[in-house]
Amino acid sequence: MTALCFQLKRRPEQRLDLSPLVPARLDGLNRKEIEALSVATTREAVTVGDVFKVKGRDVQNLHFIGTDDRCDKIGAGLTGGEIVVEGDAGMLLGARMKTGKIAVHGGAGVLAGASMAGGEIAVRRDVGDQAGGVAFGETFGMKGGFIAIGGDAGDFVGERLRRGLIVVGGNAGDYAGGRMIAGTILLRGGVGRYAGYGNRRGSLVFADKPRHLLPTYVDSGVMEFDYLRLLETWLRGQGLRIRLGGRARRLMGDMAVLGKGEMLILS
C-alpha cells in the first residue's frame, strides 16, 4: 500500500493547522472526507483539498511534499505511524506527540517537539526557538522521546525539559537548557549565553567549552563517564556517528536552584 501523500499546490495565503492530518484521525476516512477536513487558522475557510493534492492510501505512512514555513502543527499529538516531510515545517512540529516518527528534510519553526511525551523527530536543517520547549498551556517542556536537529537551534532549546534527549548538530542560541528539570541535551556546535540557566537535574553535554559559563556552576574536574560511552553506542544505532569518548569535565549546577544538574565538556 502506498503512502498517503499531501502535495502542496501553492504557498498558502494563511497559516495552516495540519494537526488533523495524523493517522489516528485519518483512519477510516475516504479521499473525499480527508479533502473536506478544515486546516484554516482564520475566518476564511480552507480545506485540505483546497491546498493539497491528495494521493495514496496508507494512513500509517504520511508524506507531506513541498510544504513551507506556513504549514503548522505537522504531526501534533501523533500517537503512532510515520510522517515524512519533504520540505519545511512551520511551528509546533510534533508538539505533544506520544509515539511514532517524524522526519523533516528541511527546517522547522518554533516549538518543534514542544511538550512531546515520546517518539522521534529528526529535522535535517535548522529549527526555531524553543525546540523541545513548553507548548501553549503546558507547564513542562519535552517529557520523553528523542529530537535530532541537523542544523542550528534557536534560543531556549530544551526549555523546561523533563525527560528525553535532544541532539543539536549545529549551534544553539541563548538559554540552551534553560530551567531544565531533567533529561539530556547534546550540543555539537557553539552555544549562546546563559546555557543551563536554572538547571535543576538535567545534563548538558558540550563538544566544545561554551564561551559564556554561568558563575553558578562549580567545576568538579575531569571524570570518566560510562554513560557517555553508552550514549555514543545508542546514537550509532540511530544513525548518528558522534564521537563522545568517556572523559569529560563536569560542572555542577545551577547552584542558584536545586544544583543537581550538570554540564559535561568533552575532553
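## Glu262 and its surroundings

The side chains of Glu262 and Ser203 are joined by a polar contact of 2.7 Å, a polar contact being a pair of N or O atoms within 3.5 Å in which, within protein, one must be able to donate a hydrogen and the other to accept it, while residues adjacent in sequence count only if both atoms are side-chain atoms. This is a predicted model, in which local features need pLDDT of at least 70 and side-chain atom pairs count only at pLDDT 80 or more, whereas totals for chains, interfaces and linings use all residues. Residues are numbered from 1 along each chain as its sequence is written, and side-chain values use heavy atoms, with hydrogens and water left out.

Glu262 belongs to strand β15 (residues 261–266), where strands (E, at least two residues) and helices (H or I, at least four) are DSSP runs numbered from the N terminus. Glu262 is buried, with a relative accessible area of 10%; buried means under 20%, exposed over 50%, and partly exposed in between (1.4 Å probe, protein chains only). Beyond its neighbours within four places in sequence, Glu262 has contacts (heavy atoms within 4.5 Å) with residues including Asn199, Arg250 and Gly253.

Most residues other than glycine have a negative phi, and most peptide bonds are trans.

Lys73, in the loop between β5 (71–72) and β6 (79–86), has a positive phi near 60 degrees and is partly exposed, with a relative accessible area of 31%. Gln130, which is not a glycine, has a positive phi of about 65 degrees; Gln130 lies in the loop between β8 (120–123) and β9 (143–149) and is partly exposed, at 25% relative accessible area.

## Two domains and their interface

The domain assignment, which is automatic or from a database, gives domain 1 (1–71) and domain 2 (73–266). Their contact takes 18 residues from domain 1 and 18 residues from domain 2, and the C-alpha centres of the two domains lie 29 Å apart.

The area buried between domain 1 and domain 2 is about 1400 Å², of which carbon and sulfur atoms give 51%; buried area is the accessible area (1.4 Å probe) that two parts lose on being put together, summed over both. Across this interface there are nine residue pairs in polar contact, both residues at pLDDT 80 or more. On the side of domain 1 that touches domain 2, β4 gives the most, with six residues.
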